[in-house]
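Please keep the sequence and the model in view while reading.

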Amino acid sequence: MNSICIFCGANFSGDPLLEQAINQLAEIMISRDISLIFGGGKVGVMGMVADAVLNKGGRAIGVIPQFLMAKEIAHPGLTELHIVETMHQRKQLMSDLCDGFITMPGGLGTMEEFFEVLTWLQLGLHSRPVGILNVNGFYDLLLKQLDVMVEQRFLKPVNRQLVLSSGDPIELISLMNNFKAETDEVWFRDRNLI
(Lines give C-alpha, C1' and ligand atoms only; values in the text may rest on other atoms or scores of the structure.)
Protein backbone atom coordinates (compact mmCIF):
# COMPACT_ATOMS: atom_id res chain seq x y z
CA MET A 1 0.00 0.00 0.00
CA ASN A 2 1.29 3.41 -0.98
CA SER A 3 -1.55 5.38 0.59
CA ILE A 4 -4.26 4.81 3.19
CA CYS A 5 -7.46 6.78 3.56
CA ILE A 6 -8.34 7.34 7.21
CA PHE A 7 -11.90 8.06 8.26
CA CYS A 8 -12.07 9.65 11.70
CA GLY A 9 -13.77 12.27 13.82
CA ALA A 10 -13.60 16.05 13.71
CA ASN A 11 -13.73 15.82 17.53
CA PHE A 12 -11.37 14.23 20.05
CA SER A 13 -12.56 12.39 23.15
CA GLY A 14 -9.39 13.02 25.14
CA ASP A 15 -8.63 9.27 25.31
CA PRO A 16 -4.85 8.89 25.81
CA LEU A 17 -5.02 5.41 24.23
CA LEU A 18 -6.43 6.98 21.06
CA GLU A 19 -3.62 9.53 21.03
CA GLN A 20 -1.09 6.72 21.46
CA ALA A 21 -2.68 4.74 18.60
CA ILE A 22 -2.56 7.80 16.34
CA ASN A 23 1.17 8.16 16.94
CA GLN A 24 1.81 4.43 16.44
CA LEU A 25 -0.16 4.43 13.19
CA ALA A 26 1.74 7.49 11.95
CA GLU A 27 5.08 5.82 12.74
CA ILE A 28 4.09 2.67 10.84
CA MET A 29 2.88 4.68 7.86
CA ILE A 30 6.10 6.72 7.74
CA SER A 31 8.31 3.65 8.13
CA ARG A 32 6.53 2.00 5.18
CA ASP A 33 6.34 5.18 3.07
CA ILE A 34 2.53 5.19 3.15
CA SER A 35 0.83 8.53 2.47
CA LEU A 36 -2.18 9.68 4.47
CA ILE A 37 -5.39 10.49 2.63
CA PHE A 38 -8.01 12.10 4.87
CA GLY A 39 -10.78 14.69 5.18
CA GLY A 40 -8.45 17.69 5.23
CA GLY A 41 -9.44 19.23 8.57
CA LYS A 42 -7.10 20.37 11.34
CA VAL A 43 -9.58 19.70 14.15
CA GLY A 44 -10.21 16.60 16.26
CA VAL A 45 -8.78 13.21 15.40
CA MET A 46 -8.42 14.34 11.77
CA GLY A 47 -5.99 17.07 12.73
CA MET A 48 -4.14 14.84 15.18
CA VAL A 49 -3.55 12.15 12.55
CA ALA A 50 -2.37 14.70 9.99
CA ASP A 51 -0.07 16.39 12.51
CA ALA A 52 1.41 13.05 13.61
CA VAL A 53 2.18 12.09 10.00
CA LEU A 54 3.54 15.51 9.04
CA ASN A 55 5.64 15.87 12.20
CA LYS A 56 7.36 12.58 11.37
CA GLY A 57 8.15 13.73 7.82
CA GLY A 58 5.30 11.97 6.02
CA ARG A 59 2.84 13.01 3.34
CA ALA A 60 -0.70 14.12 4.27
CA ILE A 61 -3.21 14.72 1.49
CA GLY A 62 -6.53 16.29 2.44
CA VAL A 63 -9.83 16.43 0.60
CA ILE A 64 -12.43 18.89 1.89
CA PRO A 65 -15.63 20.38 0.49
CA GLN A 66 -15.70 24.16 0.19
CA PHE A 67 -18.66 24.44 2.59
CA LEU A 68 -16.69 22.71 5.37
CA MET A 69 -13.58 24.88 5.02
CA ALA A 70 -14.66 27.03 7.98
CA LYS A 71 -16.42 24.36 10.07
CA GLU A 72 -13.72 21.69 9.92
CA ILE A 73 -11.02 24.33 9.47
CA ALA A 74 -8.82 23.14 6.64
CA HIS A 75 -5.37 22.07 7.79
CA PRO A 76 -2.87 24.72 6.63
CA GLY A 77 0.25 22.54 6.49
CA LEU A 78 -0.70 19.64 4.26
CA THR A 79 1.36 18.18 1.46
CA GLU A 80 -1.70 18.64 -0.77
CA LEU A 81 -5.21 19.96 -0.16
CA HIS A 82 -7.98 19.27 -2.65
CA ILE A 83 -11.07 21.46 -2.35
CA VAL A 84 -14.20 19.91 -3.83
CA GLU A 85 -17.85 20.96 -4.05
CA THR A 86 -19.76 18.08 -2.44
CA MET A 87 -19.41 15.32 0.14
CA HIS A 88 -19.83 12.77 -2.65
CA GLN A 89 -16.89 14.26 -4.53
CA ARG A 90 -14.86 14.21 -1.31
CA LYS A 91 -15.45 10.51 -0.72
CA GLN A 92 -14.87 9.62 -4.36
CA LEU A 93 -11.56 11.50 -4.54
CA MET A 94 -10.34 10.08 -1.22
CA SER A 95 -11.20 6.62 -2.55
CA ASP A 96 -9.48 7.29 -5.88
CA LEU A 97 -6.29 8.39 -4.11
CA CYS A 98 -5.89 5.45 -1.72
CA ASP A 99 -4.92 1.78 -1.62
CA GLY A 100 -6.90 0.95 1.53
CA PHE A 101 -9.16 2.39 4.22
CA ILE A 102 -8.88 2.62 8.01
CA THR A 103 -11.73 3.76 10.22
CA MET A 104 -10.75 5.28 13.56
CA PRO A 105 -13.08 6.59 16.28
CA GLY A 106 -15.52 9.21 15.05
CA GLY A 107 -19.19 10.05 14.72
CA LEU A 108 -21.93 9.82 12.10
CA GLY A 109 -19.79 11.03 9.20
CA THR A 110 -17.12 8.47 10.02
CA MET A 111 -19.72 5.68 10.10
CA GLU A 112 -21.25 6.81 6.83
CA GLU A 113 -17.85 6.82 5.12
CA PHE A 114 -16.96 3.38 6.53
CA PHE A 115 -20.21 1.76 5.45
CA GLU A 116 -20.09 3.30 1.99
CA VAL A 117 -16.63 1.94 1.13
CA LEU A 118 -17.54 -1.39 2.76
CA THR A 119 -20.66 -1.58 0.59
CA TRP A 120 -18.58 -0.70 -2.48
CA LEU A 121 -16.26 -3.58 -1.58
CA GLN A 122 -19.17 -5.99 -1.11
CA LEU A 123 -20.53 -4.97 -4.52
CA GLY A 124 -17.14 -5.49 -6.17
CA LEU A 125 -16.69 -1.82 -7.03
CA HIS A 126 -13.21 -1.95 -5.51
CA SER A 127 -10.98 -4.66 -4.02
CA ARG A 128 -9.04 -2.67 -1.41
CA PRO A 129 -8.90 -3.55 2.29
CA VAL A 130 -11.32 -1.91 4.72
CA GLY A 131 -10.06 -1.90 8.30
CA ILE A 132 -11.22 -0.70 11.69
CA LEU A 133 -8.64 0.48 14.20
CA ASN A 134 -10.64 -0.54 17.25
CA VAL A 135 -8.90 1.65 19.84
CA ASN A 136 -9.87 0.84 23.42
CA GLY A 137 -12.86 -1.22 22.23
CA PHE A 138 -14.54 1.80 20.61
CA TYR A 139 -16.07 -0.34 17.85
CA ASP A 140 -16.82 -3.51 19.85
CA LEU A 141 -20.58 -3.00 19.63
CA LEU A 142 -20.45 -2.17 15.92
CA LEU A 143 -18.52 -5.38 15.24
CA LYS A 144 -21.04 -7.29 17.39
CA GLN A 145 -23.87 -5.76 15.33
CA LEU A 146 -22.25 -7.09 12.16
CA ASP A 147 -22.19 -10.53 13.80
CA VAL A 148 -25.90 -10.16 14.65
CA MET A 149 -26.56 -9.38 10.97
CA VAL A 150 -24.88 -12.67 10.08
CA GLU A 151 -26.76 -14.59 12.80
CA GLN A 152 -30.07 -13.20 11.55
CA ARG A 153 -29.14 -13.83 7.91
CA PHE A 154 -29.04 -10.25 6.69
CA LEU A 155 -25.31 -10.52 5.96
CA LYS A 156 -23.37 -13.45 4.55
CA PRO A 157 -20.35 -14.62 6.54
CA VAL A 158 -18.08 -14.05 3.51
CA ASN A 159 -19.09 -10.39 3.49
CA ARG A 160 -18.70 -10.05 7.27
CA GLN A 161 -15.12 -11.24 6.81
CA LEU A 162 -14.43 -8.24 4.58
CA VAL A 163 -14.16 -6.09 7.73
CA LEU A 164 -10.63 -6.26 9.11
CA SER A 165 -10.23 -5.07 12.68
CA SER A 166 -7.63 -4.78 15.40
CA GLY A 167 -6.83 -2.49 18.30
CA ASP A 168 -3.15 -2.64 17.29
CA PRO A 169 -2.07 -0.46 14.33
CA ILE A 170 0.79 -2.81 13.40
CA GLU A 171 -1.52 -5.83 13.27
CA LEU A 172 -4.16 -3.93 11.30
CA ILE A 173 -1.65 -2.80 8.65
CA SER A 174 -0.43 -6.41 8.40
CA LEU A 175 -4.00 -7.68 7.92
CA MET A 176 -4.56 -5.07 5.24
CA ASN A 177 -1.34 -5.94 3.41
CA ASN A 178 -2.42 -9.59 3.26
CA PHE A 179 -6.03 -8.88 2.25
CA LYS A 180 -7.52 -10.58 -0.79
CA ALA A 181 -11.06 -9.54 -1.68
CA GLU A 182 -13.41 -12.51 -1.68
CA THR A 183 -16.90 -11.13 -2.08
CA ASP A 184 -20.03 -13.04 -2.97
CA GLU A 185 -20.66 -11.68 -6.45
CA VAL A 186 -24.07 -13.31 -6.79
CA TRP A 187 -25.47 -12.20 -3.43
CA PHE A 188 -28.41 -10.48 -5.12
CA ARG A 189 -29.52 -13.68 -6.87
CA ASP A 190 -29.65 -15.78 -3.74
CA ARG A 191 -32.18 -14.65 -1.15
CA ASN A 192 -31.17 -17.43 1.23
CA LEU A 193 -28.29 -16.10 3.30
CA ILE A 194 -27.33 -19.41 4.93
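Methionine 29 lies in helix H1, which spans residues 16-31; helices (H or I, at least four residues) and strands (E, at least two) are DSSP runs numbered from the N terminus. Methionine 29 has a relative accessible area of 1% and is therefore buried, a term that means under 20% relative accessible area, with exposed over 50% and partly exposed in between (1.4 Å probe, protein chains only).

Apart from neighbours within four places in sequence, methionine 29 makes contact with Ile4, Ile6, Ile34, Ser35 and Leu36, where contact means heavy atoms within 4.5 Å. The C-alpha atom of methionine 29 is separated by 9.6 Å from that of methionine 1, 28 residues apart along the chain.

E6 pairs in the parallel sense with strand E5 (residues 101-103) over three bridges; two strands pair if DSSP finds at least two bridges between them. Isoleucine 132 in E6 is the bridge partner of threonine 103. Strand E7 (residues 163-166) runs parallel to E6 and is joined to E6 by four bridges, with leucine 164 in E7 as the bridge partner of glycine 131.

## Basis of the description

The model is predicted: local features need pLDDT of at least 70, side-chain atom pairs count only at pLDDT 80 or more, and totals for chains, interfaces and linings use all residues. Residues are numbered from 1 along each chain as its sequence is written, and side-chain values use heavy atoms, leaving out hydrogens and water.
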